[in-house]
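Here are my notes from a read through this model. Keep the viewer open while you go through them.

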Amino acid sequence: MKNSRVLWGGILLLLFAFIVLLFIIGLPRGGDITEGLQAYKILWWTSGLFTVCLFVALFLFQHHSGREHAVREKNLEMTLRSIGEAVIATDIHGCITCMNPEAERLTGCCFKEAKGCLLSEVFKVVNAHSGMPVDDLIERVRQEKGIVVLAEESVLIAANGRRYQIYENGAPIIDDANKIIGVVLVFRDITQELELKNTLNVHAMRLQRVIDTSMDAVIVINEHGMVSEWNPAAEKMFGWSYAEIRKQPIHETIIPQEFRQRHLQGVRRLIEVDKVSILSKRLESLALHRDGHVFPVELAMTSIQTENGWAFNAFIRDLSDQKNKETLIKKHNVILRETQRIAKLGYWELDLLKDTLEWSDEIFQIFDLDQARSEPSYELFLQAVHPEDRERVETAYSESLKHKTPYNIIHRVVTSKGIRVVHEQCDTSFDDDDKPVRSLGLVQDITERVSNLDELRLAATIFNSHAGIVITEKDGTIIRVNPAFEEMTGYSATELIGLNPRIFQSDKQSKVFYKTLWRDVVATGAWQGELWNKRKDGALYAQRLTIAAVKDHIGEVAHYVGTYQDIARRERQETEYLSTVMN
């Protein structure tokens, strides 16, 4: 533009010089015809020279204007090629006058083929849902005389059949007279954008479904404590609906009174330092239900800084059932340990693959070993087994592995407190290749039981002796008699059980005798003497009676045991014995 102004200045300067020259030549002066001819020649050559200069100036101007136009065209072409959007320009009739490479790619037509064609022949656009052609963009620009934007539902069908979801707008091309002389169409491929948008929408819907169906409470609050997300699990867990909770600060609803101040201080500290130190950590805390009861929860938090400030995401799990189960498990473990202690029953587990052995606490007690200093091992166990029983114990275990059967054995162990008797059981599991993988066993101290059994056997032997024995309750009710007593009295056990020994009393002893007898029993716990009793048939016989009181674990009388001996029978047996010896 600056060069153009210089060129026009030069032409005007030449014109001014020519006018001055003509003025000088045309001045009246004296002279002859020769001088007049000479002046004419000068004028002619000057005119010719001016004409040549004028043509040269016009040529240079035209050339310079052409170069400027070419530069502008080149710049426009480079601009159109460099932008990412597709551009098509048309004249007022809708014939294509310009098209950039992106427009060529999307329409599938090169500019050489499309130039001069109607826009509708190259730019074929239909509605994405109905498939019907969209309104003529050229006509709409003419009518509205301004920028026209079409919706995102437009689909461009390229010459090669490919389809592109596009966003398009058109604008009029206006000349200096404010007259529309054409239309420029700008559009871009938004297929991937829409796919991404749809994918994000799908993911957002899935995430919302996950949040809505989550068994944990999902809560989102801003830095002021107001709720923006509250899933159904949160409604069920805390008793507040979303419509109710979003109208009041979170610390006034689900945080117990004693923790509210600490909560507010923590939120302020996190905002001030611009850092969340509890992210990705699971914390156990207490929460408040709408009805006022406090319950244990597990809490995990994340945060994000938005244009509106910090947003905090909380994932909360109700631990009430878990804590109740843990409490119940602890209670059962205590009961199990106490039961094992009372029953003197321990268990052991041998992992044959890892070669590790575990003992329960009670096994250490049974073997009288210091749990802190003793490492469970098969060798340590064998050392505790009585030397006379070791071979039998090893054989029992090896045979159980060989035949894949449990073993059940009673053996002795030697402890610092003496020899104990234990009852041991074991069962082994095998893999698919019939290799033993784990042995699980029980060990019970039955020393007292064995001792009691021995005493019972002895008692049974005594009970079945020739002396008559009767056992009564504290009040004297008969609960058991032995066969010798049945033979002695003539009563069967069925007849006697439930009766009182008074049925055997005769008139040979007075009431004072029996009062004295029971006074001595109460005072000393025993009585021994001779008396007359009556059989079932009414016959009287002399007996030697021993009464002993049996007391329970707290020292109270529980039973009485009476031992009867028939004096006449005993004297008869002694006489027969002496007679046999003398003869």
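The points below start with the whole chain and then go to sheets, hairpins and single residues.

1. Bear in mind throughout that this is a predicted model. The protein chain has 583 residues, and 32% of them count as buried. On the secondary-structure side, the chain carries 19 helices and 22 strands.

2. Next, the surface and the contacts. The protein chain exposes about 38,300 Å², and carbon and sulfur atoms supply 56% of that area. Taking contacts between residues at least 6 apart in sequence, 42% join residues at least 24 apart.

3. Have a look at the sheet with the order E9-E8-E12-E11-E10. It is an open sheet of 5 strands, and the pairing is antiparallel. Its edges are strand E9 (227-230) and strand E10 (282-288), each of which pairs on one side only. From one strand to the next, the twist averages 30 degrees. At the E9 end, strand E8 (residues 217-222) runs antiparallel to E9 and is joined to it by 3 bridges. If you want a landmark there, Val 220 stands opposite Glu 229 in E9.

4. Now go to the sheet with the order E14-E13-E17-E16-E15, again an open sheet of 5 strands with antiparallel pairing. Strand E14 (356-359) and strand E15 (407-415) are the edge strands, and each pairs on one side only. Here the twist averages 25 degrees from one strand to the next. Helix H14 (residues 390-403) packs on this sheet, where it touches strand E13 (345-351), E15, E16 and E17. The direction of H14 makes about 150 degrees with that of E15.

5. Within that sheet, zoom in on strand E16 (residues 418-430) and strand E17 (residues 436-445). The two pair in the antiparallel sense over 9 bridges.

6. Is Ser 400 buried or exposed? Ser 400 is buried, because its relative accessible area is 3% and the cut-off for buried is under 20%. Its side chain reaches the backbone oxygen of Tyr 397 at 2.6 Å. Leaving aside neighbours within four places in sequence, Ser 400 is in contact with Thr 405, Pro 406 and Tyr 407. Tyr 407 falls in the span given for the edge strand E15 (407-415).

7. The strands around E6 deserve a point of their own. Strand E4 (residues 148-149) and strand E6 (residues 163-174) run antiparallel and are joined by 2 bridges, with Val 148 opposite Gly 170 in E6. Strand E5 (residues 154-157) also pairs with E6 in the antiparallel sense, over 4 bridges, and there Leu 156 stands opposite Tyr 164. E6 pairs with strand E7 (residues 180-189) in the antiparallel sense too, over 9 bridges. The bridge partner of Ile 173 in E7 is Gly 182.

8. Which residues take a positive phi in the hairpins of E6? E5 and E6 form a hairpin with 5 residues between them, and Gly 161 in the turn has a positive phi of about 95 degrees. The hairpin of E6 and E7 has 5 residues between the strands, and in it Asn 178 takes a positive phi near 60 degrees.

9. On cysteines: how many disulfides does the structure hold? The count is 0. Cys 98 is partly exposed, with a relative accessible area of 23%, whereas Cys 426 is buried at 3%.

10. Last, Leu 545, which lies in strand E21 (residues 540-551). Leu 545 counts as buried because its relative accessible area, 5%, is under 20%. Leaving aside neighbours within four places in sequence, Leu 545 is in contact with Trp 527, Gln 528, Gly 529, Leu 531, Gly 562, Thr 563 and Tyr 564. Of these, Gly 529 is 16 residues from Leu 545 in sequence and 5.5 Å away in space, C-alpha to C-alpha.

Technical notes: Residues numbered from 1 in each chain as written. Predicted model: local features only at pLDDT ≥ 70, side-chain atom pairs only at ≥ 80, totals over all residues. Heavy atoms only, no water. Pairing = 2+ DSSP bridges. Axes fitted to C-alpha atoms, helices over the stretch in contact; angles between N-to-C directions. Contact = heavy atoms within 4.5 Å. Disulfide = S-S within 2.5 Å. Buried < 20%, exposed > 50% of the residue type's maximum accessible area, 1.4 Å probe, protein only. Areas by Shrake-Rupley, 256 points an atom, 1.4 Å probe, with all protein chains shown as cover. Polar contact = N/O pair within 3.5 Å; in protein donor to acceptor, adjacent residues only side chain to side chain.
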